[in-house]
Amino acid sequence: MKTRVTILLAVILSAFAFLPERQIRGTVTDAANVPLAGVTVSLQGGDATTVTDRSGYFSLNVPKLAQALVFKKAGYQNLTAPITSDSVLKIILIQKAETLREVVIAGQPMLMKKTSSHSVAAAPATFHGSVRQIPVETESYKPINENGFLSVGQQPVTTFSIDVDRAAYSNVRRFLNNGQMPPEDAVRVEEMINYFDYNYPQPAGEHPLAITTETTDSPWNPGLKLVHIGLQAKTVSTENLPASNLVFLIDVSGSMSDPNKLPLLKQAFKLLVDQLRAEDKISLVTYAGSAGLVLPPTAGNEKKVIKDALDKLEAGGSTAGGEGIELAYDLAKKHFLPKGNNRVILATDGDFNVGISNESELQKLIEEKRKAGIFLSVMGFGMGNYKDSHAETLADKGNGNYAYIDNIQEARKEFVQEFGGTLFTIAKDVKIQIEFNPAQVQAYRLIGYENRALRNDEFNDDKKDAGDMGSGHSVTSIYEIVPKGTHSSYIGTTDALKYQQNNADAAGNSNEMMTVKVRYKKPDSDKSVLFDLPIKATSVAFEKCSENLRFASAVAEFGLLLRGSEYKGKATYTDVIQCARGAFGKDEEGYRAEFVQLVKVAQSLDGAQETTRK
């Protein structure tokens, strides 16, 4: 009998050994989202093992029937994470000194309680978040008054500036990964949508921008339609990009001492340094109690010199942000490249409290330098006292990008994968204006872009500032429309205008639903260029639409849920997950898979809050 059992066991083990493999990859961080290097990752009950790199990244091939991975690092609580259908994991290890722990397992956490000398799982993995709670009351966000539906009979034209910023998404991710729902005003839906890459066609004509559109049924408001508009900027290869004159302006005040601030900042900027060429020049200015020049203009191929200067930075003192910006701009002006990329890159938690006497004076300085050809980009770091409203405003006034760096992977995305788009402008002051055909559309609303709205007359005003697009950048906007003759509780009734002359014949005889107009300026010009694209009143079933539309609509729906939007209709987290999973595409970096994990986290947190309210 024992011989038969032994033989059977050997056969089973042999079969298991020859099963096809799958690859599990992911990142390991601590509770503050700082990547952990040297974490041993092993297959539970197997021989497969690997170690995380300095970015906290790991990749491991395991049999398809493998059940769990074990994560170990000295000084941290060991963690056993079940292997699910997802191939990308987000792991948070908690230091042993803590007595109440929550760890994230593939986007679904397990609450850990201390019992005698070890920790045990207290419940199924239906909770989320690390134990660290963010004191949101000390963070600052601009209030958002959500766009409502507008009557085409009253206001057929709408205008807004494009927005390539993506800070809101990584900031929302930071909240969810720390076990908290984000504040509603931290959720800028357009930045969440634009965080992701979309496979839009490259421009092929005379313009450096190309428009792509699709129309389908609204997944969360039956009877309504979604119009998806994609704007793609031309991609320029790195070797053909103009030389750069970059000034790093780094906040080294006392508020930057946390691991996810200055230490993470150093790692992030080193990634950017690795992308620089010999013709690029970089300077380093710091500010705290006073501003100082740490590194004079240095060639981009002097990477060791630049990185050594970064390594010597230490946090301490109050924040004299205004003084630092003035010094950085003076340096950028002194070494100005007439045909190059002149940019100040500000890295801060946004907590400016000393320096130029008030914010309006600071904004005025930034606007003046922008007109002189020196742009400002802002990279936000940290949590607890983060001033999102301040950082966003400065970047907007400076014609630059605004990103929130919550971990080293986000730094890699910003400074390595999207290097050209982050630093090199292809088209500036890009504006979009849309005219709806009243014969086809009864009402419309733009999802997001509340702080990018423009008056219709500002579309033709070349003095009016708007957003810029870098090499390879894409911008996505989604309109929700009420078709002509459709009843919707979102819109009221208004009397027809008495004195307005409308081209009713042209509207009635046309199968056009709307016309999209785009204005932009070339980087070295102050005169705008106009082009447009009429859109037919043709709708395609949602499941037959492109992955671009389906995934973007899933992100938009998630944003509506996070904001508690009055226009969320029948939106649910389950629908968001189902829609997103069916539109992953290639997803080579795993960003779309990570999105699904964040939705699961929000679903658990929101459900727990709902239970508490009851």
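How many bridges join β19 to strand β20 (residues 402–404), and do the two run parallel or antiparallel? Three bridges join them, and the strands run parallel. The views below come from a predicted model.

**Figure 1. The whole protein in outline.** The protein has 14 helices and 26 strands. Of its 614 residues, 55% are buried. Take the contacts between residues at least 6 apart in sequence: 75% of them join residues at least 24 apart. The accessible surface is about 26,200 Å². Carbon and sulfur atoms account for 51% of that surface.

Figure 2. Strand β19 covers residues 375–380, and six of its six residues are buried. F375, S377 and M379 point one way from the strand. L376, V378 and G380 point the other way. On both faces the residues are buried. Strand β18 (residues 341–348) runs parallel to β19, joined by six bridges. Here I345 has S377 as its bridge partner in β19. Strand β20 also runs parallel to β19, with three bridges. There G380 is partnered with Y404 of β20.

**Figure 3. An open sheet of five strands.** The strand order is β11-β22-β24-β14-β13, and the pairing is antiparallel. Its edge strands are β11 (150–151) and β13 (209–217), each pairing on one side only. Now look at β14 (residues 225–233) and β24 (residues 474–483). Eight bridges join these antiparallel strands. In β24, V475 stands opposite L231.

**Figure 4. The largest nonpolar core.** This core has 43 residues. L176, F196, F558, L562 and F595 have the most contacts inside it. Five helices each supply at least two of its residues: α2 (167–177), α3 (189–193), α12 (547–563), α13 (573–581) and α14 (591–613). Helix α12 gives the most, with ten residues. In soluble globular proteins, nonpolar side chains tend to be buried together.

**Figure 5. F595 and the aromatic cluster.** Leaving out residues up to four places away in sequence, F595 touches Y169, F196, F551, A554, V555, F558, V576 and A580. Which residues do ring pairs link into a cluster? They are Y169, Y195, F196, F551, F558, Y573, Y591 and F595. One of these rings, Y195, also has a charge over it: the charged end of K413 sits 4.1 Å from the ring centre.

**Figure 6. Y490 between two aromatic partners.** The structure holds 22 aromatic pairs. In one of them, the ring centres of F149 and Y490 are 5.4 Å apart. Their planes meet at 10°, so the pair is stacked. F149 sits in the loop between β10 (118–121) and β11. Y490 sits in the loop between β24 and α11 (504–509). F149 is buried, at 13% relative accessibility. Why does F149 count as buried? The cut-off is under 20% relative accessible area, and F149 has 13%. Y490 is partly exposed, with 23%.

Y490 has another ring partner, Y567. This pair is edge-to-face, with 5.3 Å centre to centre and 65° between the planes. Y567 lies in the loop between α12 and α13, so the pair ties together parts that are 77 residues apart in sequence. Y567 is buried, at 9% relative accessibility.

**Figure 7. A charge over a ring: R174 and F175.** R174 lies over the face of F175. The distance from the ring centre is 4.4 Å.

Figure 8. K517 is in strand β25 (residues 512–521). Is K517 buried or partly exposed? K517 is partly exposed, because its relative accessible area is 27%. Leaving out residues up to four places away in sequence, K517 touches K431, I432, Q433, F459, L530, F531 and D532. K517 and T159 are 358 residues apart in sequence. In space, their C-alpha atoms are 9.3 Å apart.

Notes
Residues are numbered from 1 along each chain as its sequence is written. This is a predicted model: local features need pLDDT of at least 70, side-chain atom pairs count only at pLDDT 80 or more; totals for chains, interfaces and linings use all residues. Side-chain values use heavy atoms; hydrogens and water are left out. Helices (H or I, at least four residues) and strands (E, at least two) are DSSP runs, numbered from the N terminus. Buried means under 20% relative accessible area, exposed over 50%, partly exposed in between (1.4 Å probe, protein chains only). Contact means heavy atoms within 4.5 Å. Accessible areas come from the Shrake-Rupley method with a 1.4 Å probe; for residues, only the protein chains shown count as cover. A nonpolar core is a set of buried Ala, Val, Leu, Ile, Met, Phe, Trp, Tyr and Cys residues joined through side-chain atoms within 4.5 Å. Two strands pair if DSSP finds at least two bridges between them. Rings of Phe, Tyr and Trp (its six-membered ring) pair if their centres lie within 6.5 Å; planes under 30 degrees apart count as stacked, over 60 as edge-to-face and the rest as tilted. A charge sits over a ring if NZ of Lys or CZ of Arg is within 6 Å of the ring centre and within 35 degrees of the ring normal.
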